[in-house]
Amino acid sequence: MPPPKKGSLGADPATMKDVAEAAGVSMKTVSRVLNRERYVSDETRQRVEAAIAEFNFHPSAAARTLAGKRSHQIALIYDNHSPHYIYQIQTGVWTRCVEERVRLLAQPCDAASPDLEAEVRALIDQTRVDGVVLSSPVTDVAAVLEELELRGVPYVRISPGTEHERSASVSMDDAQAADEMTMHLLSLGHRRIGFILGHPNHAASDLRLYGYRRALDRAGLPFEPKYVRPGLFDFASGEAAADALLDLPNPPTAIFASNDDMAAGVMTVAHRRGLSLPRDLSITGFDDTPLASQLWPPLTTVRQPTRDLAYAAAGLLFDAEGEIIHRRLPHELVLRGSTAPPPG
């Protein structure tokens with residue numbers, strides 16, 4: 001005689017997993033239907049409700065108690081020297097949190113600090129957050145990833161540079177974007193193109209340099225280290241790099257800065273020296289922060305979908321259910337008044 005059906009008299013009680021399998025959905029979707037949450041289609045909701053009725057399923061008191069232990073808040077941990085970039089990251093994560101009715105805790109840090117692991121441990125212990133979004137360069141700090149994994153805290157990384165298969169992530173193609181911007185300058189006729197690196201702790205800095213070098217190589221031009229200067233993703237380092245490049249005996253006719261803040265520093269130096277932009281010098285940036293359209297002349301730059309990256313990262317945290325999913329979002333070249341053919 002076959003065993004009684006789950007949920008019927010004399011049978012083992014049905015579980016949420018049983019309901020999910022019968023309805024062909026995830027357990028999180030079943031939970032959303034039970035809690036009358038949004039983001040469930042009418043057709044899916046009806047299938048889940050039919051399975052609940054079929055199994056005579058009732059969430060256990062223990063499960064309800066466990067669910068009540070959720071903090072309904074997540075953390076964003078970041079370290080970045082560009083206030084415009086961080087504002088977009090915070091806005092993107094916060095927007096998704098509002099949709100989910102979840103509180104966001106924004107935690108700045110120093111990714112190079114030897115105490116970072118302890119700081120993350122304290123954050124988890126004190127807030128009991130349900131998940132974490134990590135922004136570059138914290139995305140690649142092994143001690144942070146290990147601490148989150150040890151404590152079973154779900155996390156999603158924005159633009160990781162290492163161990164991509166370790167967690168869910170969102171990113172854009174920094175190398176390809178830098179390649180395309182360099183090709184734009186080459187297409188205008190520039191052959192001496194200066195490049196300002198980003199912060200050395202950020203994986204994107206190396207990727208953007210790689211894209212710059214790849215475009216030069218494809219154009220048959222040698223890579224000349226004298227045209228590359230260090231930067232820190234801030235205005236001051238852009239100024240310092242521009243002074244060094246423009247003091248060269250044969251200075252570049254175009255300067256590609258790895259973010260808009262540094263490009264603004266380059267523009268300030270150029271104006272200070274009496275250069276006419278873009279007649280005497282073309283300048284490009286990266287990110288397309290609000291600053292880019294406020295400069296004079298308006299800055300040609302790469303539009304990085306920063307806010308969308310952050311929104312998507314939070315979305316994966318809420319919806320991926322532990323799956324390792326990678327999303328790559330598109331970039332765009334934004335051509336404005338700061339680039340032109342070289343003089344002469």
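In which helix is A22 found?

Modeller: A22 is found in helix α1, where helices (H or I, at least four residues) and strands (E, at least two) are DSSP runs numbered from the N terminus. This is a predicted model, in which local features need pLDDT of at least 70 and side-chain atom pairs count only at pLDDT 80 or more, while totals for chains, interfaces and linings use all residues. Residues are numbered from 1 along each chain as its sequence is written, and side-chain values use heavy atoms, with hydrogens and water left out.

With a relative accessibility of 46%, A22 counts as partly exposed; the class lies between buried (under 20% relative accessible area) and exposed (over 50%), with a 1.4 Å probe and protein chains only. Leaving aside neighbours within four places in sequence, A22 is in contact (heavy atoms within 4.5 Å) with A51 and F55. A22 and A51 are separated by 29 residues in sequence, yet their C-alpha atoms are 6.2 Å apart.

A51 and F55 belong to helix α3. On the α1 side, D18, V19, A22 and A23 take part, and they meet R47, V48, A51, I52 and F55 of α3. By class, this contact comprises seven nonpolar, no polar and two charged residues; Ala, Val, Leu, Ile, Met, Phe, Trp, Tyr, Cys and Pro count as nonpolar, Asp, Glu, Lys and Arg as charged, and the others, Gly among them, as polar.

Two packed helices are described by the angle between their axes and the distance between the axes. For α1 (residues 16-23) and α3 (residues 42-55), the axes come within 9 Å and cross at roughly 130°. The axes are lines fitted to C-alpha atoms, for helices over the stretch in contact, and angles run from 0 to 180 degrees between N-to-C directions. The two helices are therefore oblique to each other, given that angles under 35 degrees count as roughly parallel, over 145 as roughly antiparallel, 65 to 115 as roughly perpendicular and the rest as oblique. The crossing of α1 and α3 is right-handed.

Elsewhere in the model, helix α8 (residues 174-187) has ten of its 14 residues buried, so it is largely enclosed by the rest of the structure. Those buried residues pack against elements including β6 (193-196) and α9 (203-218). Helix α11 (residues 260-272) is likewise mostly covered, with ten of its 13 residues buried.

Terms used:
A crossing is left-handed if the near helix is turned anticlockwise from the far one by less than a right angle, and right-handed if clockwise. The expected span of a helix is 1.5 Å times one less than its number of residues.
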